[in-house]
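Please consult the sequence and model shown here.

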Amino acid sequence: MTQFPARIHVLLARDSATGVVIRRGPSKVVATVHWNRNTDDFRIGQWMKGRIYERRSDLSPDGKHLIYFALNGKWHREIGGSWTAISRAPYLKAITIYEDDCWFGGGLWMSNEKYWLNLSNKEYWLNGRGTLRQAIEVHSDDQVSPIREFGHGCEGVYYPRLLRDGWQLKESKRTMMGNCIDLFLKQVAGSWNLHKFCQSGSEEHELYNVETGVSIYKPDWEWAEVDRHRLIWASEGKLFSAMLDGMGLTCETELHDFNSMQFRTIEAPY
């Protein structure tokens with residue numbers, strides 16, 4: 001039987017050197033992993049049978065809380081088959097939980113304690129009728145919203161997150177097949193820019209040198225970001241880092257291989 005590599009997406013804390021790796025695979029199993037970006041140590045958080053929509057998820061600036069949208073299709077349960085949750089990172093056990101449909105869900109952190117919700121009927125939920133659990137340590141702020149709106153699906157959360165975190169939306173174009181490709185750009189180091197091509201829940205990447213015109217296409221990078229002085233990316237179920245010099249990537253390092261991980265029940269320590 002063919003073994004497919006794990007799918008990797010990473011949420012980075014803006015004000016602390018931490019991150020949460022969202023590791024998916026097989027398709028109905030997902031895990032969260034704490035990442036200490038100073039030491040590049042990784043520690044398992046929690047597993048879940050279902051799907052986390054990583055592009056509708058976010059990590060608080062201090063790295064202490066996670067907001068995520070999840071689906072398991074068990075519509076007969078009290079929680080329903082899909083929901084938006086707040087947890088204490090890197091765990092998934094909800095301290096706040098909202099039921100919602102698959103067309104919306106998730107949110108963004110506006111500060112360490114306040115978050116914006118991507119809900120279909122905000123007044124209904126914020127009045128408590130769709131709220132199944134509510135913590136007092138964090139709360140939603142219905143007076144704030146992303147600077148730009150991109151609909152209510154994954155792009156409605158992910159694109160504002162990219163813009164907030166220093167990416168620039170350079171262009172949007174349609175292919176001959178009618179699909180829309182959105183190009184985001186971020187400076188990495190010197191004259192190198194990182195290009196992110198987003199399309200229908202997936203993305204590809206390219207390194208481009210604005211002085212020399214050299215382009216290094218990386219279609220196998222399913223996620224990539226700038227982490228302070230280095231470039232980081234995910235490919236084939238692994239996480240990597242590298243520096244950039246005039247020729248391109250240098251000091252390339254494999255930080256962690258997530259492929260061998262297997263589901264196990266882990267209780268959150270709260």
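## Basis

The model is predicted: local features need pLDDT of at least 70 and side-chain atom pairs pLDDT 80 or more, while totals for chains, interfaces and linings use all residues. Residues are numbered from 1 along each chain as its sequence is written, and side-chain values use heavy atoms, without hydrogens or water.

## Strand β19 and its partners

Strands are DSSP runs of E, at least two residues long, and helices are runs of H or I, at least four, numbered from the N terminus. Two strands pair if DSSP finds at least two bridges between them. β19 pairs antiparallel with β18 over five bridges, and β19 also pairs antiparallel with β20 over five bridges. W233 is the bridge partner of A224 and, in β20, of F240.

Two residues separate β18 from β19 in their hairpin, where R228 has a positive phi near 55°. The hairpin of β19 and β20 likewise has two residues between the strands, and E236 in the turn has a positive phi of about 55°.

Six of the six residues of β19 are buried (under 20% relative accessible area, 1.4 Å probe, protein chains only). R230, I232 and A234 point one way, and L231, W233 and S235 the other.

## Nonpolar cores

A nonpolar core is a set of buried Ala, Val, Leu, Ile, Met, Phe, Trp, Tyr and Cys residues joined through side-chain atoms within 4.5 Å. The largest has 18 residues; L162, V188, L194, L207, W221, L231 and W233 touch the most other members. Elements supplying at least two residues each include α2 (154-164), β14 (180-189) and β19 (230-235). A second, separate core of 17 residues includes M48, Y68, L92 and I97.

Technical notes
Buried means under 20% relative accessible area, exposed over 50%, partly exposed in between (1.4 Å probe, protein chains only).
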